[in-house]
Structure formats: C-alpha cells, structure tokens
2 protein chains.
Amino acid sequence: MEDQERREQALEARALSREARAQAREMRTRAREQRELARERRIAEHVSRDKERRLTQPPLRARGLTRADIVDAAIAVADAEGTEAVTMRRIARELGVGAMSLYWHVASKDELQMLMLDAVQPAAPELSGDWRADLAAFARIARQGMLRHPWAIDYLISGPPVGPNDTRNTDQLLAALEGLSLDIKTAAWVGMTIATYVAGAVLREIQEIRWHKDAELTLAAMPPEEVEKLRRQWEENLNDPAKYPHMARLVTERVDPDSPETRDERFEFGLDVLLDGIAARFAR
Amino acid sequence: MEDQERREQALEARALSREARAQAREMRTRAREQRELARERRIAEHVSRDKERRLTQPPLRARGLTRADIVDAAIAVADAEGTEAVTMRRIARELGVGAMSLYWHVASKDELQMLMLDAVQPAAPELSGDWRADLAAFARIARQGMLRHPWAIDYLISGPPVGPNDTRNTDQLLAALEGLSLDIKTAAWVGMTIATYVAGAVLREIQEIRWHKDAELTLAAMPPEEVEKLRRQWEENLNDPAKYPHMARLVTERVDPDSPETRDERFEFGLDVLLDGIAARFAR
DNA sequence: ACTGCTATCGTACGGCGTACGGCAATAGTA
DNA sequence: TACTATTGCCGTACGCCGTACGATAGCAGT
C-alpha cells in the first residue's frame, strides 16, 4: 500500500474543540438554509412555465399517464432542483398521481434515469465535410447538451453506456471522421478520444460550477471578517513556495486557472490541442 | 426546445403486457440475486485480510477512534462493495462502534467522502525532465489510482475540486511542464487539458467496467436461448445500414471498440494523440 | 351478468442521514 | 481528595427514500 503514508499525512488534523465544533455546525446549518433559499428562488422561476404547461394541456388524468410524461416531469424537476430532488414521490406529486402509479410505466428508478439521460442527448450537428470543423462542432454540441442538464453527469456514471440516441450520435461521429479515411478501428478510437476529452471537460466544469455556487452560498452565510480571514489563509497556503513552488507563481501573477470567465476558452484550447494531435498524426 | 422531438421519438415504446412485465420483473429479481451473490463472494475475499488487520492491531476501543480509522474503514468498505455500501451505520459496524460516534470525528457524510477522496490520491511520479515522458507518467498514475478505487469517481462529482494531496499533485504537474517553458497560464491550461483527458478516460472506463459486470450477471440469470435471441437482436439493430451506416462497419469487420482487452491500449492511444498536439504547438 | 385485463393507488417495510440529549470516563482544579 | 468541566461515545427518534404487495375501479369482450 504505497499511499498509506500519504493518507495518514492528509488526516493529521485533530478533532476540534467543542465550541469550534458547535460553531462549525451552526455555520453549516446557515449555509444549508442559504442553499435552500436559493433553491426555492430557482424553483419559483420554473414554476410559471410549468403552470402554463399544465393549463394549456388537457389534464393528465383524462388522457392517461405515459412514459414520456414521467420522463419529462423528472427532467423538469432535475433541471430546476438537481438530482437530489428527483424522487419517485416527487415526480408523482408533480404529475398529480400516486407514487406507485409510476411503476406501471417504468420498471425502477434506474430505468427512469436511463430514459432521462437518453432523452436529453442533443442531436448531432450537420456535417460540412471538413473533418476538423465537424469534430469540433460535435464536441461543442455534446458539451453544451451536458451543461444544459448538469444533473446528467450524475446518471452518466451509473447507467449503461449507450441508448438509442447515443448510438445515432456515435454513428454520426464516425461519419465525421470519414474525411480522414482511416480504417474503422482507428476511426473508432479517434472518435472515442474526442468523446473522452469532452466527458472529462464536462465533468470538471460541472464540478467547478457546483463548487463555485456552493462556496458562494457558504461565504454568504459567514460574517465578512471570517471570509476575509479564510481568503487570506487560503492565499498564504498556496503562496508558500516551499510547499507548492509552482502554484505560487499562479498566485503572484494573479492567474486564476479556474476562473468561470475563461471556461469556454479553456475548453476550446484543449479541444484545439487535441485536434492538432489528430491532424499531426492522421491528416494526409 | 430543440430536443423535444427526439425525446418523444426516443420514448415511443408502449407499455408492456402484463405477463411480459411480470417476466421482466422476475428477471430483474434474479439478476439482483446474482449481483448480491457476486457481492458476497467479493466480500469474502476481503474479509480475511480485514480480520488479520483487526487481530494484529490493538483493539480500537482501547486506543480510541480517530478520523483516520473512520476514513480507512470507509475506503475498505467502498473498495470491497462499492459506493452504495458506504453508509454511516455500516462503517460504524465495521469499526465496532455506534453510528453516531462517527459524528464526533467527521462533520457529515459529505466531509467523510471528501476525506476518502483525498486519501486515495496517488503520489505524483518522480520527474525525469523529459516533459513528454513526465506528462505521460502523470496521466498513467492518475488513471491507475482511480481505477484502483473505482468508487472515487462517484464522489469526484459532488466534492470540492481540490484537497491537499490534489494540490500537491497539481503543483508537480506544473513542474513537469517546465521543460516546455510556457507562461504560467498556458502551462496551467496544458496541465488541465491532460487532467481533463484522464478524467474523461477514467469516467468512460469505469462506466464500461460496471456495465460489463452488470451485463454479465444479468445474462447469467437468463435462460441461454433468451441470451442468444438478445444477442442476435442487438447485432441486427446495429447492423442495419439504413439506421447506422457507419456502426455497421464495426460489426461486419468484427471490431469491438469497447473490448476490455484494449482498454489500456486505447488510453495510451488518446494520450499519445494529445501529447502530439502539445508537442506540435509548444515544443521548441 | 360475468370475466379478465389495464391502470391506479394506499399501506407498509426496511434502510438512510443525522438532530438531540444523556452517560461514563477522564482531566483539571481546589 | 472531592468537585467540576470536558471529551468521547451512543440510543432514540424523525422524516426522508425506493418499492413489494394487494386492493381496487373502469372497461372490453363474451
């Protein structure tokens, strides 16, 4: 076990004193309250649209429940409130039916998640014939699709790797690669490499976004002098040239590699580098 | 909403008949049983090692519970049985203490997950000075670390993006990039691109592994003629040149892009392409 | 009038995270 | 030595979760 030592080293922090503990708990509670407030605000935005939909369509009970209804409702809940809010009971309430009624149409929550995931796969782009442009368009669309439904990444991990829409997109991706006239195996691998980069980028970005939002709320719940102290501490920690000689340069030159403003730019940067690599190796 | 039509199209499947439904349920139950059997077998493998550890160390109650004990136990459970098995009650049982005792040492399950994640970050490799070799070594170690603890990906999404070990590794990654003598921002972005590729690869691979295992168990629980029918159906579906003209080539040429045997090779392929891109753009 | 199928739902079970308050052991102080 | 405060641990309870099971009510075919 070579990481044994590192583990212990990472956990040397001792238990806090009782009052520090109580204070921390209070802060957490406050942060949670902030989060819930934000959630409610977010829901309020969605509510009008939902109500409209409810009014312009015939009442559900008249025309009967369908799989599509359930999936739509689940997606709406996930979009508005995130994965944790997606429960069978909640979806049923949203549709005005009993919780167990859903199980007539879907076998389990897992199956529902699969259906949700496949339902939000964006359509592949039109192909121009320029492999590089097409591949880039592919990557952008896939990324945008995932960022529009950030909850999807939570299900991506547990579900099966392909649904029908996913299959069609993969096929289109292979089509885009025809311009390079590779053998089919190499083409599949190149396509997979692009998809891999996109998946990683989306993963990182969603993680960033969530953490950013969370940190904001937590900070909002703290007294300003605490915030200032924390910021200073954080900066000093990173700026310690003995511990992190290279990270220090980032701080002193005021470069924030995780800045939200450069998110798109960073994605394009990596994508470009990757396409360069493909071109260098395969373009005739 | 441009994906509205696709969603409906993807969900046109009608409700199943009663007996098909019952049969499907039975199959699911059988598959679950298989899964549980496999889980128990897996646990049995781990149990001896754990017992040994339990015996060679002083009993916990004598020396008192620590954060590190809790994190270790949680990691052990996660390694043996996956994320779902990691519950506060279970960890406590594993340690021979009450469930609520854990909360003296960790603030919440979320904090525990963060600690687990940081604890299994592998150490960065020694640097050779050859940027390309160093970057590749980095990527390989990061990947291996995650594959050794496949549950980590589940927590990666929800947790904050950095812990102490992660910070140190990032610093080392920047160090490896010094050979290219880039400005710090570009270096950070290049490093991030590598990390992104690795994250995506790990995500895909773990997804693949899980699905593979799951499919195996499901198939094992089905009568052989059912299996054969399913396989034939699946192949015909993919082989339909009208629907998936390019996927068909994969089937006819007997290329399986998701084959477990080529997992390492595929990772190296993409990594190589990416490094080519970096070299093409930045190597002097 | 009777039968059987479709769709819906109420109840209940076991498990989850964790708030809260109590308790024993220990340490600090007079 | 006696008293007190702190630390570490834990039993109970609450409100969630997914979902098994069986009971309907409406409807179609005979």
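I looked up R143(B) and E205(B) in this predicted model and found that their side chains meet in a salt bridge, N to O 2.9 Å (a side-chain nitrogen of Lys or Arg within 4 Å of a carboxyl oxygen of Asp or Glu). R143(B) sits in helix α8 of chain B and E205(B) in helix α11 (residues 184-220) of chain B, so the pair links distant parts of the chain, 62 residues apart (helices are DSSP runs of H or I, at least four residues, numbered from the N terminus). I noted R143(B) as buried at 4% relative accessibility and E205(B) as buried at 6% (buried is under 20% relative accessible area, exposed over 50%, partly exposed in between, with a 1.4 Å probe and protein chains only).

Next I checked R140(B) and E268(B), whose side chains form a salt bridge at 2.7 Å, N to O. R140(B) is in helix α8 (residues 131-148) and E268(B) in helix α14 (residues 263-282) of chain B, so this pair ties together parts 128 residues apart in sequence. R140(B) is partly exposed at 37%, and E268(B) is partly exposed at 27%.

I also found a network of salt bridges linking R132(A), D272(A), D276(A) and R281(B). The search of the whole structure gave 34 salt bridges over all chains.

On sources, I note that residues are numbered from 1 along each chain as its sequence is written, and chains are lettered from A in the order in which they are written. Local features need pLDDT of at least 70 and side-chain atom pairs pLDDT 80 or more, while totals for chains use all residues, and side-chain values use heavy atoms, without hydrogens and water.

Definitions and conventions: Helix = DSSP H or I, 4+ residues; strand = E, 2+ residues; numbered from the N terminus.
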